[in-house]
Amino acid sequence: MTIRNVDVLVIGAGPAGLAAAIAVREAGIQSLLVIDREKEPGGILRQCIHNGFGLHRFQEELTGPEYAQRDIDKAHELNIPIECSTMVLSVSAGRCVTCVSAAHGLQCIQAKAVILAMGCRERPRGALCTPGTRCAGIYSAGTAQRFVNLEGYMPGKRVVILGSGDIGLIMARRMTLQGAKVLACVEIMPFSSGLNRNIVQCLQDYGIPLLLSHTVTDIQGLNRLEGITVSEVDENRNPVPGTEKHFDCDTLLLSCGLIPENELSLGAGVILSSATSGAVVDETFETSVPGIFACGNVLHVHDLVDHVSEESYKAGLSAAAFVQDRQADCLYFSVRDGSGVRGTVPQKIHRNVNAPVTLMFRPAGVYRNSSVVVECGKTELCRKKAMIFTPGEMSLITLKPDMLTSLESDTLTVRIERN
Amino acid sequence: MKTKSDVLVIGAGITGCAVARELSGYNASVIVLEKENDLAEGATKANSGIVHAGYDAVPGSRKAVYNVRGASMYPDLCASLGLPYQQCGALVIALNEQDRQTVEMLRDRGEKNGVPGLRILEHNELLTLEPVMNPQVVCALYVPTSALISPYETAYAMADHAALNGVSFIFNQTVLSVQRNPDGLFSVRTPSGEYLSRVLVNCAGTSGALLHNQLSADKLEMVYRRGQYYLLDHEKKLPFTHTVFQCPSAMGKGVLVTPTVHGNLLLGPTAEDIDDPMDTATTAEGLQEVFRKAALTWPGISIRTNITNFSGVRAHLTTDDFIIGPCSDCPGFFEAIGIESPGLSSAPAIAKDLASMIADELGLQTKEKMIPYTVPALAFRDMSAEEKARAVARDPAYGNIVCRCETVTEAEIRAAIRRPVGARTIDGVKRRTRAGMGRCQGGFCLPRVADILSEETRIPLLEIKKGNGNSFILSGTVESFLKRGADCDDSEC
């Protein structure tokens, strides 16, 4: 077994890992390594050949591969080594990372700081407990996207999409453009979990019905999918008898949520948040384990890659600072989800923070004409109005360091209130 | 096409594979016909995976005798085939004083059947053993010899060993007709031809009674009894370490909560009589029932980590016991019918008896030497760091992790396809290697497994199947869709 030492090791060469690595290098760290399990860097962006990436960061509409290529080029320019086809098997609390590849065999890489940037995976059928047969033709939207965009194969001809997550919406359009018939997109919630622009551009523009408050209640077909039953659900998400509709289809794509992939983090003893399924972090993106940082979709699921890059760049700077021993003291504010708010990141903020901190969260429901408020006890720190808050779009609010001085309590609460 | 053999076995489930392996020790030509396209596709792939100790069956019944004998054979069998065997012990819990009588009855029955080590544990001891168990538990029968195995992996290993010793396994062979010719030979017709044999063995699972009734005047009636399950993800510490049964009561048999040999947690099964033995769908009602009943054992039940739901169909005879041995009115026809629970536990003993009866019938000699079974390499995930390093150094394909959830390497997937009775489908690879068995359910590894299968077997990618029949993974290339449209014969196009 090879044993190596690096200052900063980044796990994952998707948009999060690349941005973090670029920040680490720009902060002056020479000893840096990025590893990725795929054959090439770029992460999930490699298969996202639609455009719409980079509007915020580059003020351009790029495709996924184009967006990724900018960071890959930058990483090459900065001579950042990226080892692909390498799978991390474990991360220890002492930041020893065991990984394996055909090229280098089993390696143990001891790092002074580790940045977790493994991304997320899709919720599979088992997590939904959908009854019926276990036939072929049921795929996660991302698996179907890989088949169509990277491998050049179509998984089916007549398609129903369960869940209105963004990948599902994108795949509704993609399958239609490729000559398949998309019969419906079925969403159990009374609102879509995808971006509004995707509902318009991927469903409405192609006349694909979006069935809100509906779910798949039976799956038929002994070997290959032959059909599904869709039922309306009540306010408790229980199917309403008598509302069953049948669809003849050979393919069911699942787009029912993304789960941060934190098996390695758990192995290292990183504490996870039940709201985000990602690590609990402070505003420097350091987890509960010193020297282990997390960013991107492994920390919390984002809607926009632009936000992933921005967050991960900050995490990279923090990891570099950790290695350069410019650590601040360890008194924190803890950040709590108040009413209407779920999964605020970061979950803690250094009390002596000297740079603006962006709080990111998901609204727990749809709220119109409302404001997000950050409070410390009875003191309101800041407030931001919006026409609409929906769970499909991550909300941000930024705290300035001067707002955090001379506060009586050490708990900050983020909540949504009606105007 | 006519194919002749000494012995023809119908069915390649756990019983058929065990019989084939026993027969491969004799100088005889043996063919196994299977209607599906892989081994273990019936009840063998969808059951609780438990080697029952044998306290449950009525003393003197064939179920009791074969269960206790079969269970005693498993430790050596699994050791010789390199298969997992975990003697985790079982508890049959009593939730009220009435249940206590049942628990005592089961203990007495078990002692009559010759089950060792049975004793009754009281409330406090139980909650120490299984802290998350229902605190209303009164007492439980403790069954130290109850064990866990992997049913389908056991069938695969036995079939491989049989194949190494000359047994042919032929798939996609639905029996269209069967008869005993005037010359005493059996003739079995399938879509690919006619098979002639001196002895015919019925290991046909849920088709057992149908096959029997074609050759015997003594008609049997079979009930197809479905059982549905939840399979939860493996965790560092599972909530339960023993197999926990509920007392059979007027409310029914109850469901069990058990670890599996792979560290998952299994909840189930239901017991519903259904019309179609192929109907292995799960239902909302069935899954709710499992959840409700499992919660009696485990009040803090959480299915948050559910990986999949599945169901299997039991072959239940209305006579409520196994039928094992020669058919009374059809010489040369040997049978194992009604092999429901404890069928898995009994299979090695059933096979031993059937094979020796068949050897007597045909006057077969044992082979001087059987080709020994080569135990497959340890799974990569179970290797120590040094072993992993050596494995990758020897074969770089061990360095390519294909299934991330279960840490399955390319080398292991290729090896599974190259086994004597190798994987030919995505599900075949999954059950032999665990690729796709994890929490993402093949979301990441499916395209890669399909590629490797296609490469190894030279089956074109578009013809790779998930499992049986027309379970194709893909419908066409992107180019072909753009040329033709999805369905030009479809009026909506």
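**Note on the predicted two-chain model**

1. In chain A, helix α1 (residues 15-26) packs with helix α3 (residues 64-77) at an angle of about 35°, and their axes are 10 Å apart. Axes here are lines fitted to C-alpha atoms, for helices over the stretch in contact, with angles from 0 to 180 degrees between N-to-C directions. Helices (H or I, at least four residues) and strands (E, at least two) are DSSP runs numbered from the N terminus. The crossing of α1(A) past α3(A) is left-handed, that is, the near helix is turned anticlockwise from the far one by less than a right angle.

2. This is a predicted model, in which local features need pLDDT of at least 70 and side-chain atom pairs count only at pLDDT 80 or more, while totals for chains, interfaces and linings use all residues. Residues are numbered from 1 along each chain as its sequence is written, and chains are lettered from A and ligands numbered from 1 in the order in which they are written.

3. On the α1(A) side, Pro15(A), Leu18(A), Ala19(A), Ala21(A) and Ile22(A) meet Ala68(A), Asp71(A), Ile72(A), Lys74(A) and Ala75(A) of α3(A); contact means C-beta atoms, placed from the backbone, within 7 Å. This contact has eight nonpolar, no polar and two charged residues. Ala, Val, Leu, Ile, Met, Phe, Trp, Tyr, Cys and Pro count as nonpolar, Asp, Glu, Lys and Arg as charged, and the others, Gly among them, as polar.

4. Between the chains, 44 residues of chain A are in contact with 50 residues of chain B. Elements giving two or more residues to the chain B side include α7 (284-297), β18 (306-317) and α12 (446-457) of chain B. That side divides into 25 nonpolar, 19 polar and six charged residues.

5. Strand β11 (residues 153-154) of chain A pairs with β23(B) in the antiparallel sense over two bridges; pairing requires at least two DSSP bridges between the strands. Gly476(B) in β23(B) stands opposite Met154(A).

6. An open sheet of five strands in chain A has mixed pairing and the order β23-β21-β28-β25-β26. Because β23 (348-350) and β26 (379-389) of chain A each have a single partner strand, one side of each is left without a neighbour in the sheet. Neighbouring strands are turned by 25° against each other on average, direction ignored. Strand β21 (residues 332-337) of chain A runs antiparallel to β23(A), joined by three bridges, and Tyr332(A) stands opposite His350(A).

Note on methods. Two residues are in contact if their C-beta atoms, placed from the backbone, lie within 7 Å.
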